[in-house]
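Me: Could you walk me through some side-chain contacts here, with the cut-offs spelled out?

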Amino acid sequence: MSTVVDDIHHEEHHDHKPSGITRWLFTTNHKDIGSLYLWFSLIMFFIGGAMAMVIRAELFQPGLQLVEPNFFNQMTTVHGLIMVFGAVMPAFTGLANWMIPMMIGAPDMALPRMNNWSFWILPFGFAILLSSLFLEGGGPNFGWTFYAPLSTTYSNDSTALFVFSMHILGISSIMGAINVIVTIMNMRAPGMNYMKMPLFVWTWLITAFLLIAVMPVLAGAVTMVLTDKYFGTSFFDAAGGGDPVMFQHIFWFFGHPEVYIMILPSFGIISAIIPAFTRKQLFGYASMVYATASIAILSFLVWAHHMFTTGMPVFAELFFMYCTMLIAVPTGVKVFNWVATMWRGAMTFETPMLFALAFVILFTIGGFSGLMLAITPVDFQYHDTYFVVAHFHYVLVTGAVFSIMAAAYYWLPKWTGHMYDETLAKLHFWTSLISVNVLFFPMHFAGLAGMPRRIPDYSIQFADVNQITSIGGFAFGLSQLIFLWLCIKCVRGGEKAAAKPWEGAEGLEWTVPSPAPYHTFEKPPKVE
Amino acid sequence: MADSQQSQRPDNSKIVKRLLLTVAGMFAFGFALVPLYDVFCEVTGFNGRTKNEAVAATHQTVDKSRTVNVQFITRNAKGIPWKFEPSVKQVQVHPGEVRVVNFLAGNPTSGDMVAQAIPSVAPAEASLYLNKVECFCFNQQPLKAGDNTEMPMQFYLDPEIPDHITTLTLSYTLYDMTANATAETLAQLQTTE
């Protein structure tokens, strides 16, 4: 190993890496694997997005126009699965791979070979899931929540493929989470104690523990579906002494922490970007850490708010209602801290900041509709309507996806060594911002008026609102092509990026040159 | 330098082992939720399940001061064309009083069949106080092609039943279990030949 590791140029000479496809197949480098995850999630984002376009095209008018109801159901199901497990989660894992070692001053992830494995089983998992769509009778059509008995008694044989693909995705996520935890616990540079870690690292550490806790429960649930369907067990079959409602309890015991898995890393990203473009320290660092931890703990106590209409006793409904509302407190702390960070800051509005600001406002709208859904008596009206669809798309698209976009713009100069095209980026931001609201905001009204979700047809009075929604949907889908073009352009060239392209940015990742050398921090940096 | 760095670093394998154990534990916990759920439902009456075993009527008291309206509902699950209905739609009982209600079943098909009735009580809270001395739902019910039968259900309400429960509904869903019949039930079909 080099003895003159202080010399950054010297490190660059060590940038030897295998060329061609084998570089990517056999790589154990956290930056390569991060890039693989990010590109993979972008591809999945477009595949899942194409399915959303099919859904919106069918819903453009009342009546059945384009697709069969069974195919429509497959689209809603696989769109959900792809976006959750293929787009959002791998994007966060990609960001974790790229950024966590650089943020804590580690040379790589702690378990690089497992890192390679956890990425490379993903394409196979999704190949299995997507191939099921081409089977006779079609792919999974029971919704991403695969409620029994829809997924057991009434499903076709593609369910086996669905179950195996879920197992693979679960194993991949668990390995990724183990890697993140070990890296953060063991590889921090000297002086980088826990309360000095950037919030993105903190939020990912907590997310990784959530993954470890609930992905195995998902694996158990899909295994029970598999054995109920093919091996004569009766976990969810009342005739054999099981209970279909129990499926929902097990599923949501996984499912609710899962939705926080998809938002906690966003909180970390936003907590990095807002101070950078406000040129101030983050307000309330410690309270951010505690708020994240409280949200994670509470996430295990609220699962049955997805099931208010299953006939629970009043006591249980009240318990889950109050626990759910309690989550608004730590979330409110976070939003307050972001706003307080901006207070009297010297703000500039580069694209990462624009996405971060849109996140704060629009995610909060999603949080408010979540509070409305938490109120048990009114949930009986909102349950399974487009109001729910509007709610979770506000938190997942303008929440999770916008934060991923913000992260991409923020760190693209570091990844590629080039500044992205700011004009194109602004165009992407404004078209996305307007179209996403045209797309999802009217869904609130359709839902309040009683339009049920996951149905390919609707009554005539919902025609106008669905037309507006669909137009917004097509516009949002097209806007993302700008992002794809921008990314390709940025990788291929552009204005040379400085080591620290953002004036107010803080963190170890900005102390290495742009693009980040293949190996960074082989000698641990000094942390003040 | 790299070596000294290595030696400072805590052992990865220790954490990995612990995390893998947690993963295995949570996978097991997913399955443990199944019996836990059953116990939880039995204790709290969540979900309106009734006890799946006979309860002897050992109590002495009959609370003549109150009556509770007990309603009976039957329905057939998908794929079973049996006739299945209670002989009375509802009865008025005093808590503690033992009653028998007959359910009528008929197999209109040309094949021998086996069915299983699954009970459920609404409101769920009432399921804790509904005790069955005897019930056809404890066992699978065989019925030969074209046969009809009367199936008795003997029950009483626990005198402890809270005052605010004035009506409870006992619902039975009938499932086709011909493919999954127990050996015992099949033997019954043979002997009645």
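Me: How far apart are A:Lys426 and A:Glu422 in helix α17 of chain A?
Reply: This is a predicted model, where local features need pLDDT of at least 70, side-chain atom pairs count only at pLDDT 80 or more, and totals for chains, interfaces and linings use all residues. Residues are numbered from 1 along each chain as its sequence is written, chains are lettered from A and ligands numbered from 1 in the order written, and side-chain values use heavy atoms, leaving out hydrogens and water. Helices are DSSP runs (H or I, at least four residues; strands are E, at least two), numbered from the N terminus. A:Lys426 and A:Glu422 are separated by about one helical turn because they sit four residues apart.

Me: What N to O distance goes with the salt bridge of A:Lys426 and A:Glu422?
Reply: A salt bridge here is a side-chain nitrogen of Lys or Arg within 4 Å of a carboxyl oxygen of Asp or Glu. The side chains of A:Lys426 and A:Glu422 meet that way, at 3.2 Å.

Me: Is A:Glu422 buried, exposed or partly exposed?
Reply: Buried is under 20% relative accessible area, exposed over 50%, partly exposed in between (1.4 Å probe, protein chains only). A:Glu422 comes out at 24%, so call it partly exposed.

Me: How many residues apart in sequence are the parts that A:Asp421 and A:Lys489 tie together?
Reply: A:Asp421 and A:Lys489 form a salt bridge with their closest N and O atoms 2.5 Å apart. A:Asp421 lies in the loop between α16 and α17 and A:Lys489 in helix α18 of chain A, so the parts tied together are apart by 68 residues.
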